[in-house]
Amino acid sequence: MKKCEDGFRSLRTKALVSRKLSHSVSVLFLAAALSGCGAGGEGGEPSDIQTTARGEDRLELVSSCTPLCSGSCTPVQLAQVSGLDKPILPVGNDVYFAGAITYEASYSYFGRVSRQGGSSVLLAQNLQRPPTLLSNGTSAYAVVPYPRNSGLGHLNEIKPDGSITPVPGVDGSRSVSITAVDATKLYALDLSNETVWSTPLTGGAWTQATGPIPNTAGRSVRADNTHLYIVADDVAKNESIVWKAPKQGLATPTRFITLPGSIVSLTMDDTDLYFADRTGGIYKASKSSGAVTRLASTATNLSITVDAERYYWFNGAALTATCKNGGGSQVLATVSAPPARIPEVIAVDAEGVYWRNSSQIWKVAK
């Protein structure tokens with residue numbers, strides 16, 4: 001087993017070990033092999049992006065992942081909710097959502113709808129700001145900046161049985177910041193000086209996790225087992241930067257990836273970061289090296305998410321699933337209008353793919 005330099009997994013055949021034999025391979029096979037290693041019709045990358053190199057002796061054979069929905073997907077509308085704002089999150093038998101009808105008064109809300117559809121339920125209303133919904137892969141949480149008398153806390157665990165349990169002892173002073181979770185901690189990006197702070201998911205005081213980031217405005221933060229990744233904009237230079245810092249030792253983040261424009265969506269798997277930018281680019285970057293591969297160009301500046309086999313993204317008015325191993329793409333659904341220009345509008349789990357389109361929540365069962 002061998003990996004192409006852009007991270008796609010493939011099977012290398014003995015017929016391609018020798019350059020002398022490569023000329024006997026059919027044109028169609030060569031095209032498929034090159035496609036499997038991430039080659040395509042994209043133009044050259046900006047000079048500050050590390051791109052992958054491919055030699056003529058590095059042709060690979062790839063296999064496609066199994067089509068979803070047996071090759072024919074039917075989108076189902078789960079809910080119609082006014083002013084939908086925050087990303088959606090499937091947990092247990094339900095899909096959770098949060099939104100704001102208007103920010104001029106306390107008209108934010110928190111609700112859920114069954115994965116099978118039906119009437120949605122509002123769990124909290126008249127909140128000053130909508131909750132942020134987070135997951136570490138095994139547990140899910142709602143961070144509420146101003147819970148007031150809603151019965152919620154600053155940090156609330158959303159359990160698969162539908163119960164929502166406030167976590168006691170969490171200081172809410174950083175609940176209005178940009179947040180992320182891992183297996184044990186809640187993280188907050190302090191927008192006053194671009195430092196990251198953490199607090200235990202079981203409750204406790206906030207402690208500083210990283211040093212400040214200079215001359216940038218933070219947009220998001222993500223955490224894996226060992227590192228924090230902070231997306232920030234350098235407005236003066238019209239570029240986005242992904243900064244990387246170890247979670248231990250109060251380190252100053254280092255510049256990891258730089259792209260022109262602005263990154264609007266960032267997600268990850270065990271080995272790579274995936275993100276979209278406002279120019280319609282979909283990218284992948286190695287967590288170890290920072291080498292960036294442009295995966296696709298799309299007409300909208302929307303979301304990307306991943307599971308074990310695929311990454312999911314919007315291409316104009318279509319929701320597309322692409323095999324990570326380079327085995328091809330599948331259009332899962334078309335939408336009547338482009339989704340709202342807010343990042344992270346797609347979610348995925350073992351059962352289905354979920355997205356929001358303006359005030360609607362949709363699902364395609366896998």
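## Leu-250

Leu-250 sits in a loop. On one side of that loop is β18 (239–246), and on the other is β19 (254–260). The model is predicted.

Leu-250 is not a glycine, yet its phi is positive, at about 50°. Most residues other than glycine have a negative phi. How exposed is Leu-250? Its relative accessible area is 46%, so Leu-250 counts as partly exposed, because that class runs between the 20% and 50% limits.

## Arg-148

Arg-148 also belongs to a loop, the one between β9 (140–143) and β10 (155–158). Its phi is positive too, at about 50°, and Arg-148 is not a glycine.

Is Arg-148 buried or exposed? Arg-148 is exposed, because its relative accessible area is 54% and the exposed class begins over 50%.

## Overall fold

Which secondary structure elements does the protein have? It has two helices and 30 strands.

## Burial and surface

The protein has 366 residues. Of these, 51% count as buried.

What is the accessible surface of the protein? It comes to about 16,400 Å². Carbon and sulfur atoms hold 51% of that area.

Key:
Residues numbered from 1 in each chain as written. Predicted model: local features only at pLDDT ≥ 70, side-chain atom pairs only at ≥ 80, totals over all residues. Heavy atoms only, no water. Helix = DSSP H or I, 4+ residues; strand = E, 2+ residues; numbered from the N terminus. Buried < 20%, exposed > 50% of the residue type's maximum accessible area, 1.4 Å probe, protein only. Areas by Shrake-Rupley, 256 points an atom, 1.4 Å probe, with all protein chains shown as cover.
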